[in-house]
Every structure is written in C-alpha cells, then in structure tokens.
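Please look over the sequence and the model before reading the report. The headings follow the order in which the topics are taken up.

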Amino acid sequence: MSKTPSDALSATLHNHLQQIIRENQQLAEKLDFDQVAAILPLLQQAKRVFVVGAGRTGLALKAAAMRLMHLGLTVFVVGETTTPAIGSGDVLLAGSGSGTTSSIVKAAEKAAAAGAQVVAISTTTSSPLAALATHVAVLPAAQKQDHGGEISAQYAGSLFEQSVLLLLDAIFQTLWGLDGTPAEELWKRHANLE
Ligand SMILES: O=P(O)(O)OC[C@H]1O[C@](O)(CO)[C@@H](O)[C@@H]1O
C-alpha cells in the first residue's frame, strides 16, 4: 500500500517529538546536579516562595508553583492579584533563559532590595538576573534569540522552557520523597474550586 500524506505527517511529527526528547535527555546529561540540589534547602527553609518568569518560561514556573503548594509550601505567583509583598526570609524563584528579560530582572532587583533571596534558573551565570541571584542553576539550553540552531533545533527558547518544567518536576519529586506525605494527603490541598 502506498504512503499517504497523513503517513508522512505522522512520521515527521514522530521524528520531531523524538528530537525534543533527545535534546532534553542530552541537556540532563550535561546538568550540574550539585548546583541544582543547592536549591532544595533554600526552598525548604523559605518563609514563602514567590515564582516569576515571562511568557512560556512563566508558565513552567506556574506549573511548578502548584506542585510546591501540593507539598505544603506557601507559594505565590508574581503578578497575580492576591500576591503579597515579598520580604526577608522569602525566596524569589526566577526563571529566565536569557537572564535579561526586563520584568524579571526588575522583580529580582526589588526582591533583593526587600531582603529576599533570589534563586535563578537560567542558561547563564553572566546576566543581570544572575548578578542579583544568591544562587543560579544553569540549564545548558538555547536562549530565545539563539536562532543558529547550534544548541537546539527547536524554535527560540523552547528547550529551556521545557527543561525548566522537567527540572522543577524533578525538584518536586525529590522534595516529596524527603517529605514522605502520601499522595492522597497532597491531593487534599489541590484546588477544590476548579
Ligand atoms: O526566558 P526568558 O529569556 O526570560 O524569555 C522569556 C520569553 O521567551 C519566550 O518564552 C519565547 O520563547 C516568551 O514567551 C517570553 O516572553
């Protein structure tokens, strides 16, 4: 039987998904896990955790905020109507591939000035965001304006944004393992108005 256009489309989709998984796998192999592990006590000891990121990076941070809430941490998403003032004892968890996105750098500046610790997830330790951070975890992914394709064949900061979500899920799984609260108990904290 001859191949249809839909067979070709399916094969292309399959190849792209495999490539995305491969890029994330390669990134994980290059990761400095000690550098990432240093984030865990900062989150555990924080009075409150505030998360911030722009666009798709922000969506990954928001997804992680829900999981930290499931663990029983007090978590706020910067920019939400009910998010209070950050202060001493708090942690701002800031995600920015470039480390230059102005709203994120501004938030980090204000958080540091208010006495909070800034924890950055980025592709670089040389950026305005990194300069403000107490701790930086580097994800070796392309930045949003790396259009050369040397680090990733995906568009813009896609690999960074995916890996932020995956890394934060790994952080959640690790914190959950240390905490040991059964899944049923965590689920009681899940939104009952959705
Ligand atoms: O992660 P960065 O460098 O702060 O960039 C965030 C921006 O990049 C994008 O995720 C584009 O890939 C936008 O959604 C967002 O505005």
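The report below concerns a predicted model, and it takes up the ligand site, a helix pair and an arginine in a loop.

## Surroundings of the ligand

The shell around the ligand is made up of Ala54, Gly55, Arg56, Thr57, Ser96, Gly97, Ser98, Thr101, Lys144, Ala156, Gly157 and Glu161. By class, these residues divide into two nonpolar, seven polar and three charged. Helix α4, which spans residues 55–70, gives the most to this shell, contributing three residues.

## Polar atoms at the ligand

For Glu161, a polar side-chain atom is placed 2.7 Å from a ligand oxygen. On its own the ligand has 400 Å² of accessible area, of which the protein covers 79%.

## Packing of α1 and α7

Two packed helices are described by the angle between their axes and the distance between the axes. For helix α1 (residues 5–30) and helix α7 (residues 158–179), the angle is about 65° and the axes are 10 Å apart, and the crossing of α1 and α7 is right-handed.

The contact brings Ile20, Glu23, Asn24 and Leu27 of α1 together with Leu159, Gln162, Ser163 and Leu166 of α7. Sorted by class, the residues in the contact of α1 with α7 are four nonpolar, three polar and one charged.

## Arg48 in its loop

Arg48 belongs to the loop that lies between helix α3 (39–45) and strand β1 (49–52). Leaving aside residues up to four places away in sequence, Arg48 touches Thr74, Phe76, Pro84, Ala85, Ile86, Gly87, Gly89, Asp90 and Val91. Among these residues, Asp90 has a side chain that makes a polar contact with the side chain of Arg48, at 2.6 Å.

A further distance concerns Ala63, which is 15 residues from Arg48 in sequence and 17 Å from Arg48 in space, taken from C-alpha to C-alpha.

Note on methods. Residues numbered from 1 in each chain as written. Predicted model: local features only at pLDDT ≥ 70, side-chain atom pairs only at ≥ 80, totals over all residues. Heavy atoms only, no water. Near = heavy atom within 4 Å. Polar contact = N/O pair within 3.5 Å; in protein donor to acceptor, adjacent residues only side chain to side chain. Areas by Shrake-Rupley, 256 points an atom, 1.4 Å probe, with all protein chains shown as cover. Helix = DSSP H or I, 4+ residues; strand = E, 2+ residues; numbered from the N terminus. Nonpolar A, V, L, I, M, F, W, Y, C, P; charged D, E, K, R; others polar. Axes fitted to C-alpha atoms, helices over the stretch in contact; angles between N-to-C directions. Left-handed = near helix turned anticlockwise from the far one by under 90°. Contact = heavy atoms within 4.5 Å.
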